[in-house]
There are 2 protein chains.
Amino acid sequence: MKTTPADIHILIVEDDLASRSLLVSYFENAGYRVSEADNADHLGERIERDSVDLVLLDISLPGKDGLTVTRELRANSSVGIILVTSKGDEIDRIVGLELGADDYVTKPFNPRELLVRAKNLLWRMFSADTAGNGNSNPSGYSFEGWQLDPHKRQLTSPGGQQERLPEGEFKLLQTLVNHPGQVLSRDQLMDAIHDREWTPNDRSVDVLIGRLRRKLGDNPSNPQLILTAHGAGYMFAGNTGT
Amino acid sequence: MKTTPADIHILIVEDDLASRSLLVSYFENAGYRVSEADNADHLGERIERDSVDLVLLDISLPGKDGLTVTRELRANSSVGIILVTSKGDEIDRIVGLELGADDYVTKPFNPRELLVRAKNLLWRMFSADTAGNGNSNPSGYSFEGWQLDPHKRQLTSPGGQQERLPEGEFKLLQTLVNHPGQVLSRDQLMDAIHDREWTPNDRSVDVLIGRLRRKLGDNPSNPQLILTAHGAGYMFAGNTGT
DNA sequence: CCCAGATGTAACAAAATGTAAAAAAGACTT
DNA sequence: AAGTCTTTTTTACATTTTGTTACATCTGGG
């Protein structure tokens, strides 16, 4: 399974040079492997040959219609497709989704938003892949008798008590559990929870950690599940899969 | 297989000259081969002779009733049929689909919408040859024992109780169910419900979500079907196809 | 042991969401 | 055209979730 951005290949199809460069550098900065194209010719072959995982497709390409391209791609491939549409193309966007695109953003878009959508989509794609093999999350995460259902965002205690986690706490816990034994910096955690950078005086991660610890019954002065790495961040120390 | 617009022949049957001209020029601009008629006489012969692929049929023609025409056409031909109905003709619309029309638009319609629906239909027609199934939804959507009939916009509970959903609620639910596990922003949902943008103080999506939740018996403080992604949007969490 | 900086957390502040009810907008009927 | 019914949108306020602040506590290095 592809776990790091560097394993993931993103193809940006956009005719306008400025927009394209912006996207390319943005995704490169995020660590992805990025290719570009200014038209949709031979897109299918290219995707297959270069094993592209995700296509960002400008819907208003000169020549070929973006919707047509979408359906052609989807007919032969399960590559991720995110459409980039203009403000007035509401109907194209909706039909685009019906034709098999996975998501869309509207121009002018916030690159950050696009990055988040891309991440979400990649996560959905790869977690769906591995859903059956036991290596990943057949029906969620489990650790030390606890269970976390990512579908319904619910936490079940060893005693069977269920609780719905707020969005932020859920994502934080999910991120931690996904990287057991690894110290995650506040910056990394912030990135996973929201789409925001961490600034030196931001204590919101700490507060969320505290709330999670309480819900997990984890005594902060002797935590068993979420350990503090002083000066570095936090680390999940539970045994996953139990 | 016909892949370019120029290969495709569209016949527009509409008695009002202004509407007809509008449609003709719109589809010609999109690159299709277009013919026109102001009545439904000899429609079947004409379709066969000129190898028409798609008919846009105004349902309220003088003389022959559009529904009758639909039935006659469908009896002898697999030509694509898109009905153009007036606002109030809900019954006609439903009956039309049951008689074999492939899709409909409601007057006054956005020409762009009609074009997109036409593209969509043509794609379904030509890919049905090869693929066999398409991703069309023969008998609607189903999830967790609920059923949603897109033609009648009817929601059937696991217990068998039926209810007709208003347009907005229906589209919202349909969109959610079509993207299970994916967080959809208010902006996206707004797109799907109307062709409108979402503005920061617009709460109409939230209100619709609330109504749907009530109809689905989904407790908002512990929802199982429509989950809130705080700061992001909503997500459908039911199991589809059950 | 003392100190500076880092962390834990309660309490408060701000923002987002849930929802009833009123208002507005359509659609249909007479 | 006026009135009625349905649906949608807005408004207002309760509630929930998130973010900030302040201060207590802890950590690790002199």
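The model described here is a predicted one.

Strand β11 (residues 226-229) of chain A also runs antiparallel to β12(A), to which four bridges join it, and I226(A) has F236(A) as its bridge partner in β12(A). The hairpin formed by β11(A) and β12(A) has three residues between its strands, and there G231(A) takes a positive phi near 80 degrees.

Helix α1(A) has 13 residues and reaches 18 Å from its first C-alpha to its last, which is close to the 18 Å expected at 1.5 Å a residue. Just after this helix, G31(A) takes a positive phi of about 100 degrees.

V34(A) has its place in strand β2 (residues 33-37) of chain A. V34(A) counts as buried because 20 other C-beta atoms lie within 10 Å, the cut-off for a buried residue being 20 or more. Leaving aside neighbours within four places in sequence, V34(A) is in contact with I10(A), I12(A), V24(A), F27(A) and E28(A). The C-alpha atoms of V34(A) and L54(A), which are 20 residues apart along the chain, are separated by 9.7 Å.

## Nonpolar cores

The largest nonpolar core has 32 residues, and those with the most contacts inside it are I10(A), V55(A), L56(A), L57(A) and I82(A). At least two residues of this core are supplied by each of β1 (9-13), α1 (17-29), α2 (43-49), β3 (54-58), α3 (66-76), β4 (80-85) and β5 (103-106) of chain A. Apart from it lies another core, of 30 residues, which includes I8(B), L54(B), L99(B) and Y104(B).

When neighbours within four places in sequence are left aside, V55(A) is in contact with L11(A), V13(A), I47(A), L73(A), V79(A), G80(A) and I81(A).

## The surface near DNA strand D

DNA strand D is surrounded by 22 residues, of which the closest are P166(A), E167(A), G168(A), P166(B) and G168(B). The elements that give two or more residues to this surface are α6 (167-178) and α8 (204-216) of chain A, together with α6 (167-178) and α8 (204-216) of chain B. Sorted by class, the surface near DNA strand D has ten polar, eight charged and four nonpolar residues.

How values were computed: Residues numbered from 1 in each chain as written. Chains lettered and ligands numbered in written order. Predicted model: local features only at pLDDT ≥ 70, side-chain atom pairs only at ≥ 80, totals over all residues. Near = placed C-beta within 6 Å. Nonpolar A, V, L, I, M, F, W, Y, C, P; charged D, E, K, R; others polar. Core = buried A, V, L, I, M, F, W, Y, C linked by C-beta atoms within 7 Å. Buried ≥ 20, exposed ≤ 12 C-beta atoms within 10 Å, placed from the backbone. Contact = placed C-beta atoms within 7 Å. Pairing = 2+ DSSP bridges. Expected span 1.5 Å × (residues − 1).
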